[in-house]
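Subject: Structure handover

Hello,

Please find the structure below. My notes on it follow.

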Amino acid sequence: MRISFRYQRKYLSTIAIGFIASLSIILLSFNHVQAQQSFQSYSVEVEEPIEMVPVEGGTMMLGSDGSSNGVEVQVDSFWMGKYEITWQQYHQFSRDVMSSLTGQNLPGAKIGVAADVISLPSPPYVDMSFGMGTEGFPAISMTHYAASMFTKWLTAKTGEFYRLPTEAEWEYACRGGISSSGEDLVSQAWYKANSDRGYQEVGTKQANSLGIYDLSGNVAEWTTDKYFENYYEKVKDLGDEPIQNPWFQPTELYPRAVRGASWMDEEGEVSCTKRRASNSNWKMLDPQLPKSLWWHTSAQFLGFRIVRPLNQPSEEEMQQYWPEEIQDY
């Protein structure tokens, strides 16, 4: 089944307008929610709960290989998903959006989210798990747009701000935050030699010192940054060290930054500094014209997890993490 460009555009054009209004209402409850909730582990209370782990902020040598290399950065505290987003969790997003387009309001309507403010995900033309399993397995092959829309939907549904991690946050969490003296990443990772030619159920390897699973393997993960090959040098150019919460806001569809090794990578690629750039070739197998906004059919190694900042940003800052114009995708 193919969703036309005109059909997609019709619904995508409602996102910015609908969410600007709804987020104004959401923000009224943010300060109260933040004040009431202590900085500890919790579950996002949706149909398929998402477990969140606190990551205490601090400084690290971003990009360090264990020597004196790297750039000193400061990362604020945040919660990160304990596991990669699974198929069950991703499908509840799709079901909610589809039901909203049949005249029913999303469960988050009480915080002012209208039924038609999230665009309809186009159905894939093949099984996007590629026969590797869905129950308890990480969702894969979604575009950066789709992953971003998941976080926007979750924000609307819960009244709490969720987004993709920055590259700096992802690397900081992978390294174990400020408490770690070093991580045995191979013991934590599914990679080519031990994955039996497919991704594995989340949480079946060892967690890192923060209690977060599969950061260094299983599936590579979207971040919210524009990709720069010389990323660490670009961070250094931002100012005096430590650099505060570095983030490079994307201005084009490609390339976006992806972090971590996957089940398709060699053991030597299992690293907290493993990076790759998104590429239009990831849609190579998609026969649709125009190609889907939602699926990278040739990126079976790719998934995502979510974060929630401890310090809630302003409405204007939140909007920067979500696409507003169709030409961005």
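**Findings**

E266 has a relative accessible area of 43%, so this residue is partly exposed (buried means under 20% relative accessible area, exposed over 50%, partly exposed in between, with a 1.4 Å probe and protein chains only). This is a predicted model, in which local features need pLDDT of at least 70 and side-chain atom pairs count only at pLDDT 80 or more, while totals for chains, interfaces and linings use all residues. Residues are numbered from 1 along each chain as its sequence is written, and side-chain values use heavy atoms, with hydrogens and water left out.

E266 and K192 meet through their side chains in a salt bridge, 3.5 Å from N to O (a salt bridge is a side-chain nitrogen of Lys or Arg within 4 Å of a carboxyl oxygen of Asp or Glu). The pair links distant parts of the chain, 74 residues apart: E266 is in the loop between β8 and β9, and K192 is in the loop between α5 (185-188) and β6. Helices (H or I, at least four residues) and strands (E, at least two) are DSSP runs, numbered from the N terminus. K192 is also partly exposed, because its relative accessible area is 49%.

The salt bridge count comes to 14. One of them joins E84 and R305, with the closest N and O atoms 4.0 Å apart. E84 lies in the loop between β5 (78-81) and α2 (87-100), and R305 in the loop between β10 (302-303) and β11 (307-309), so this pair ties together parts 221 residues apart in sequence. E84 counts as buried at 0% relative accessibility, and R305 is buried with a relative accessible area of 0%. E169 and R163 form another salt bridge, at 2.8 Å from N to O, and both residues are buried. A network of salt bridges links E167, E171, R175, R259 and R275.

There is one disulfide (a pair of cysteine sulfur atoms within 2.5 Å). It is formed by C174 and C272, whose sulfur atoms are 2.3 Å apart. The torsion about the S-S bond of C174 and C272 is about -80°, so the disulfide is left-handed. Both C174 and C272 are buried.

Strand β8 (residues 256-259) is covered on both faces, with R256 and V258 buried on one side and A257 and R259 buried on the other. β8 runs antiparallel to strand β6 (residues 220-226), joined by three bridges (two strands pair if DSSP finds at least two bridges between them). R256 in β8 stands opposite K226. Three bridges also join β8 to strand β9 (residues 275-277), again antiparallel, and A257 has A277 as its bridge partner in β9.

A separate paragraph for the open sheet: three strands in the order β3-β4-β7, with mixed pairing. β3 (58-62) and β7 (243-244) stand at the edges with a single partner strand each, so one side of each has no neighbour in the sheet. Strand β4 (residues 71-75) pairs with β7 in the parallel sense over two bridges, and V73 has I243 as its bridge partner in β7.

As for totals, the protein chain has seven helices and 11 strands. Of its 329 residues, 55% are buried.

Regards
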